[in-house]
Structure formats: structure tokens, C-alpha cells
Amino acid sequence: PQFPWQSFTTALKSSKLNSKDSAIEISLLKGGFSSDALFKINLSGNNYVLRFMGDNHSLAQRKIITASFEWAGLNGFGPKNYFIDQEQYSFILSEFVEGMTLNLGDTKNKKILKAVGSILSRVHKANPPKENYQEFSQFIFGQKWYQTATAEKNKIIGPSVLKEAYKHWIRINDEVNKLPIKKSMLHNDPNLRNVLLNGENIILLDWELAGIGDPRKEIAHVCAWYGLNDELMNAFLTGYYDRVPTNKELQILKKLKTQILLEFAWVGLSTLKADLDQATWDKYYDQASPKTVEDLSLIQMQSENKPADEVTRNIFLGLIKQFLIESKKE
């Protein structure tokens with residue numbers, strides 16, 4: 001009852017999908033950790049996915065999310081969309097694409113990795129939506145959260161070593177930005193649960209976080225999130241560039257993968273509801289072991305529900321520790 005079913009059924013009745021004898025079957029779909037609700041709709045034997053936008057999205061945000069889903073569907077990057085709430089932008093009805101989302105074993109399959117690289121290349125080369133888009137990257141979100149949080153006097157947000165880590169992040173960021181690149185449309189969350197294998201085709205699901213940003217970050221995200229070794233990373237990058245990557249591209253990618261360690265930690269710390277003093281944060285940090293982005297990916301892939309804060313806190317602190325190790329190598 002908390003969802004606008006009446007608005008949806010009214011729109012459905014006036015759509016081309018409706019017929020006099022249409023019978024509707026509705027079942028809940030399991031999503032990731034999004035606030036949106038997903039349902040499988042069977043209408044006269046045809047399957048669709050109904051997405052209700054979460055209450056935490058403003059009207060402006062819902063317009064942006066809707067535009068991203070529409071853009072992806074029209075360009076063949078995501079499922080086709082059949083109709084959308086054009087008043088409150090509270091729901092989207094899309095095709096139900098048969099297939100399987102990727103699992104950990106697929107990250108060792110060079111053919112699949114090349115296909116993922118190829119579709120991300122097409123996404124990055126396509127003209128972005130003409131309106132209702134945002135300049136956004138989940139990594140920039142992490143940086144802004146840290147800067148905003150540290151600007152508040154006497155606010156403790158994590159271990160005291162974060163100040164040192166931020167200085168290293170700034171240095172690496174300056175080095176990367178010496179070779180600027182044209183910003184493009186990003187999916188911004190190409191984790192395994194959002195990549196669907198449909199035969200030999202790759203479809204990207206869940207465009208809720210899509211926005212304009214540095215495409216190199218998204219490439220680094222995949223390499224880190226999937227835990228790719230050098231051989232598998234070359235397969236993925238060959239699919240992306242349609243050629244073997246250059247040494248300069250690999251050097252930049254290494255720096256970005258290092259940056260991402262801290263950026264994932266920032267984003268993660270921003271979700272914790274911990275009210276700890278500095279000594280406790282530092283004690284937890286000392287006890288944490290270095291972690292990689294793949295460790296975070298494994299936790300999410302193996303969890304039906306959002307993991308406990310204690311579990312993820314240890315991961316986020318371990319990411320900071322690994323970031324300092326890698327950044328000092330640089």
C-alpha cells in the first residue's frame with residue numbers, strides 16, 4: 001500500500017500493453033541494496049519489471065533517474081522501457097530480460113570480460129541525455145562527504161589516519177588530472193548484480209546512480225570490484241579499447257585503482273551510524289587488516305541483506321589501510 005498502485009494500474013489501462021482480457025500477475029523481485037522496490041509483472045503471458053522509486057528520492061532526482069533509464073533503454077545498454085509515470089515519476093515499467101546476472105566465476109571468463117568492456121565502451125562513447133542528467137560519480141560523492149564531514153568542528157568520522165590518507169589522495173588525484181579526459185555518461189555501479197548475461201549479450205541493469213563523470217574511474221572500478229589479475233584485466237581492457245591497452249593507460253589505471261580504495265572507504269563510512277570517539281576509531285583501525293575492493297564485493301555478493309555495520313566497518317577500515325600501503329608505493 002505504500003506504493004502508487006492506483007496510478008500504475010490507471011496508466012496501464014490506457015497503455016498499448018492493455019487488452020480487454022488482460023490478467024495481471026504480480027510477484028516481488030529481489031533487488032540489491034537499493035531503496036527502490038521491484039516487481040515482476042506478467043501481463044497476458046508477457047513479463048515486465050515494475051520499479052517504484054523509493055521515498056528518499058526527490059521529484060528532481062526521480063526525473064534524473066527516469067531519464068537515465070530511458071537513455072539506457074533507447075541505446076540498447078539497458079532493458080527497454082514501455083511506459084513511465086510522467087507526473088510524479090514514481091514508477092517505470094521495463095522489459096523483463098531473460099538471463100543471469102554475473103557471478104564470481106564469470107570474473108575469470110575472458111570472453112565475458114571482453115563483452116563487459118565492450119558495452120562500457122559504447123556507454124562512454126554515446127551522447128548523454130539532452131536533459132535531466134546529473135554530473136555525478138559515486139567516487140566524487142565519497143570525496144565530498146569527507147570534505148563536508150571534516151568541515152564540521154569536533155565531528156569524529158573515522159580513524160585519525162584519514163587526514164594523512166587524504167593528503168596522499170590529493171597527490172594521486174593531481175597526477176591523474178594532468179592527463180584530463182572528456183567526461184561521459186557513466187553507469188556508476190557496474191557490480192556483478194547489475195550485469196546481466198543474455199545469451200552472448202550484456203545488459204546493464206539499475207541505472208539509478210548514472211551520471212556524467214570520468215570514464216577512467218568506471219574502468220578502474222570494474223578492475224578493482226571484480227578482482228582482476230593482470231591477464232584478466234588485459235582481456236577486459238582489450239574489449240573496452242578494442243585493442244591492447246598502452247603502458248600509459250595501465251599506469252593511470254593503477255593510480256585510479258589506488259584512489260578507489262580510499263573512495264570506497266569514504267562512501268562506506270558515510271553509511272555507518274557509528275557514534276564513536278577518536279580513541280575507539282583508532283583502536284578499530286589498528287585491529288583491521290588490509291582489504292581490497294574485491295573483499296567488499298565478496299561481502300555484498302554473499303549477503304542477501306545489507307551486512308551488519310560491524311562487518312562492513314572492518315572492510316572500510318581495511319580499505320584505508322590498503323590505500324596507505326599502495327599510495328606510499330607510488
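**Close-up views of charged and aromatic side chains**

**View 1. E135 is exposed, at a relative accessible area of 57%.** Exposed means over 50%, buried under 20%, and partly exposed in between (1.4 Å probe, protein chains only). The model is predicted, so local features need pLDDT of at least 70 and side-chain atom pairs pLDDT 80 or more, while totals for chains, interfaces and linings use all residues. Residues are numbered from 1 along each chain as its sequence is written, and side-chain values use heavy atoms, without hydrogens and water. K183 has a relative accessible area of 45% and is therefore partly exposed. E135 and K183 join their side chains in a salt bridge, 2.4 Å from N to O.

**Close-up views of charged and aromatic side chains**

**View 1. E135 is exposed, with 57% relative accessible area.** Exposed means over 50%, buried under 20%, and partly exposed in between (1.4 Å probe, protein chains only). The model is predicted: local features need pLDDT of at least 70 and side-chain atom pairs pLDDT 80 or more, while totals for chains, interfaces and linings use all residues. Residues are numbered from 1 along each chain as its sequence is written, and side-chain values use heavy atoms, without hydrogens and water. K183 is partly exposed, at 45% relative accessible area. The side chains of E135 and K183 form a salt bridge of 2.4 Å, N to O. A salt bridge is a side-chain nitrogen of Lys or Arg within 4 Å of a carboxyl oxygen of Asp or Glu.

**View 2. R51 and D36 meet in a salt bridge of 2.8 Å, N to O.** R51 belongs to strand β3 (residues 46–52) and D36 to the loop between β1 (24–29) and β2 (37–43), so the pair ties together parts 15 residues apart in sequence. Helices (H or I, at least four residues) and strands (E, at least two) are DSSP runs, numbered from the N terminus. R51 and D36 are both buried. A network of salt bridges links D36, R51 and D206.

**View 3. K110 forms a salt bridge with E231, with 2.4 Å between the closest N and O atoms.** K110 lies in helix α3 (residues 110–125) and E231 in helix α7 (residues 230–241), so the pair ties together parts 121 residues apart in sequence. K110 is partly exposed, at 36% relative accessibility. The structure holds 13 salt bridges.

**View 4. The structure holds 21 aromatic pairs.** Y146 is in helix α4 (residues 138–151) and Y166 in helix α5 (residues 162–177), so the pair ties together parts 20 residues apart in sequence. Y146 and Y166 are both buried. Rings of Phe, Tyr and Trp (its six-membered ring) pair if their centres lie within 6.5 Å; planes under 30 degrees apart are stacked, over 60 edge-to-face, and the rest tilted.
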